[in-house]
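Please look at the ligand site in the structure below. My notes on it follow.

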Amino acid sequence: MTMDSKNPETLALHAGHRMDAASGAVAVPIYQTTSYQFQSTEHAANLFGLKELGNIYTRIMNPTNDVFEQRMAAIEGGVAALAVGSGQAATTFCILNLCRAGDNFVTSTDLYGGTWNLFANTLKDMGIEARFVDPSDPENFRRATDERTRCYYAETLPNPKLNVFPIREVADIGRELGVPLIMDNTAAPIICKPLDHGAAVVMYSTTKYIGGHGTSIGGLVIDGGNFDWEAQGDRFPTLNGPDPSYHGAVWTQAVKPLGPIAFILRMRVILLRDVGAAMSPMNAFLFIQGLETLPLRMRAHNENAVMVADFLKGHAKVTKVIFPGHQDGEPRRRADAYLKGGYGALVGFELEGGKEAGRAFIDALQMIYHVANIGDARTLAIHPATTTHSQLSAEDQLATGVSDGYVRLSIGIEHIDDILSDLDQALAKA
Ligand code: PLP
């Protein structure tokens, strides 16, 4: 169906699906099938030769996943998307789609720990160099760029520091040098659209807010269709050179009749085909259910987070509140420039009593869950110094923004009175 609306509330319910062609079903059916009957040998040959687009095998495409992909691409303002098995798979695919052994990419130091490990260790072992730079000065990205730099990578709203990334500034440097910016927008769906600020690609761990229900692990990559891969032919050999695994196809040429989808098409037909980190149709269905209410949920998340941050600021045992809406100076300017309709739902705070107080606070929580996740409809808490960051030295913990008494909250959509009441009683014991 055609969908002219640009409003996420509408797109989340309507983009990519009107009804099932076979049954008229309004809900998106779960196409729990591995394979698809070809109409003829010619049809099969055309599909494999990409002369015709259509379903071949669920590892590389599936009609349920397709609706999820179309919906996410529409909401984000991109041209196409690819759903994969996890956020980690999405990040890995973003880098492997552009980098080969001997290449490098420049990444912000403010990253989710799993992404840090992937970049610093696993990709390094594969011969791909991640150049970590401090995002407080966007020019650091320019300084770290050379002729083998294939992309820039960053998170919109990275925790624990919660300093919003300078998307436009770094995207502009990249466009000047011919380097695309890939944004992990996991913590800021709806409130930030990185493609509007010059990013070329957006990725999500859909495990978090997109699902919201905390039932499924998933990832998704959206191609902005706004980056000229051909203009700097030598920088992108994976897209501009002949691909020996597909009869010498040159992806930027092969997609010409289909639109500016070289990046995402290669990711699907090469990486997903070969590595196989596919999202199951059942999980795509569950993410579609979550997505339907995402704009509404984000409003409730944002509103509750502001009230929690204000409450914590006035509490005697809290020495510091980390929240974009409470920042000053350049971090605040960036938060206001890139987040619209709220400051997200992550709130950090430091307890006067350090590590022991952090532990006591977490143990005293009654409603709020103690889990290593964010973006659930329920409120979640964790004490990073004794869990997620416990393997780091005290010095490295501080460098990443984790002090002994730091507690991270992912504010849910319960009634605010109940969230504040649980925080209040747990703080009394901290
Ligand atoms: N990116 C961010 C910002 C995350 O918080 C996470 C997970 O916590 C990931 C990526 C990885 O996602 P997944 O757990 O779905 O693999």
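The points below cover the ligand and its pocket.

1. This is a predicted model, in which local features need pLDDT of at least 70, side-chain atom pairs count only at pLDDT 80 or more, and totals for chains, interfaces and linings use all residues. Residues are numbered from 1 along each chain as its sequence is written, and side-chain values use heavy atoms, with hydrogens and water left out.

2. A polar backbone atom of glycine 87 is 2.9 Å from an oxygen atom of the ligand. For glutamine 88, a polar backbone atom is also 2.9 Å from a ligand oxygen. With serine 205 a polar side-chain atom is involved, 2.8 Å from an oxygen atom of the ligand. The protein buries 89% of the 390 Å² that the ligand exposes taken alone (Shrake-Rupley method, 1.4 Å probe).

3. The ligand sits in the largest pocket (more than half of its atoms lie within 2 Å of the grid points). A pocket is an open set of points on a 1 Å grid over the protein atoms alone, where a 1.4 Å probe fits, with protein on both sides within 12 Å along at least five of seven lines; lining residues have an atom within 4 Å of a point.

4. Of the 50 residues lining the largest pocket, Leu111, Tyr112, Gly113, Glu155 and Asn159 lie nearest its centre. The lining divides into 18 nonpolar, 22 polar and 10 charged residues.

Notes:
A polar contact is a pair of N or O atoms within 3.5 Å; within protein, one must be able to donate a hydrogen and the other to accept it, and residues adjacent in sequence count only if both atoms are side-chain atoms. Ala, Val, Leu, Ile, Met, Phe, Trp, Tyr, Cys and Pro count as nonpolar, Asp, Glu, Lys and Arg as charged, and the others, Gly among them, as polar.
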